[in-house]
Amino acid sequence: FQWGQRVKALIDLHNDGSFPDAPEKALLVNIGDTGEIVQVGTYTEANIPVYLVEFGESLVVGCLEEEITPL
């Protein structure tokens, strides 16, 4: 995946604790919701890519490759 690419969620995405304003395990993104990759990084401990996807206007969620698919 690349920066600027449009994607959709393959699974429901829940708060893993990284969103302090939402309860842990709260639903953030529904299956099929669409967004745009705004940054690409790497989870260094496991050497896997992490994609920051903007869903809507103010919700940016870190996603793994198996959680999103290109539009």
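**The largest pocket and its lining**

A: Start with the make-up of the lining. In this predicted model, the residues lining the largest pocket divide into 8 nonpolar, 3 polar and 3 charged. The lining has 14 residues, and H14, D16, V61, G62 and E67 lie nearest the centre. The volume of the largest pocket is about 280 Å³.

Now the strands. Strand 2 (13–14), strand 5 (48–55) and strand 6 (59–63) each supply at least two lining residues. Strand 6 gives the most, with 3 residues.

Next, look at E67, one of the residues nearest the centre of the largest pocket. E67 sits in the loop between strand 6 and strand 7 (68–70). E67 is buried, yet E67 has no salt bridge. The nearest side chain of opposite charge belongs to K25, 11 Å away. A salt bridge requires the side-chain nitrogen and the carboxyl oxygen to be within 4 Å. The side chain of E67 does reach the backbone nitrogen of L64, at 2.9 Å.

K25 belongs to the loop between strand 2 and strand 3 (27–29). K25 is exposed, with a relative accessible area of 63%. The backbone of K25 has a positive phi of about 75°, although K25 is not a glycine. Most residues other than glycine have a negative phi.

N47 also has a positive phi, near 55°, and N47 is a residue other than glycine. N47 is found in the loop between strand 4 (34–43) and strand 5. N47 is exposed, with a relative accessible area of 61%.

Definitions and conventions: Residues numbered from 1 in each chain as written. Predicted model: local features only at pLDDT ≥ 70, side-chain atom pairs only at ≥ 80, totals over all residues. Heavy atoms only, no water. 1 Å grid on protein atoms, 1.4 Å probe; cavity = no way out; pocket = protein on both sides within 12 Å on 5 of 7 lines; lining within 4 Å. Points joined across faces, edges and corners; volume = space filled by probe spheres on them. Helix = DSSP H or I, 4+ residues; strand = E, 2+ residues; numbered from the N terminus. Nonpolar A, V, L, I, M, F, W, Y, C, P; charged D, E, K, R; others polar. Buried < 20%, exposed > 50% of the residue type's maximum accessible area, 1.4 Å probe, protein only. Lys, Arg positive; Asp, Glu negative; His and termini not counted. Polar contact = N/O pair within 3.5 Å; in protein donor to acceptor, adjacent residues only side chain to side chain.
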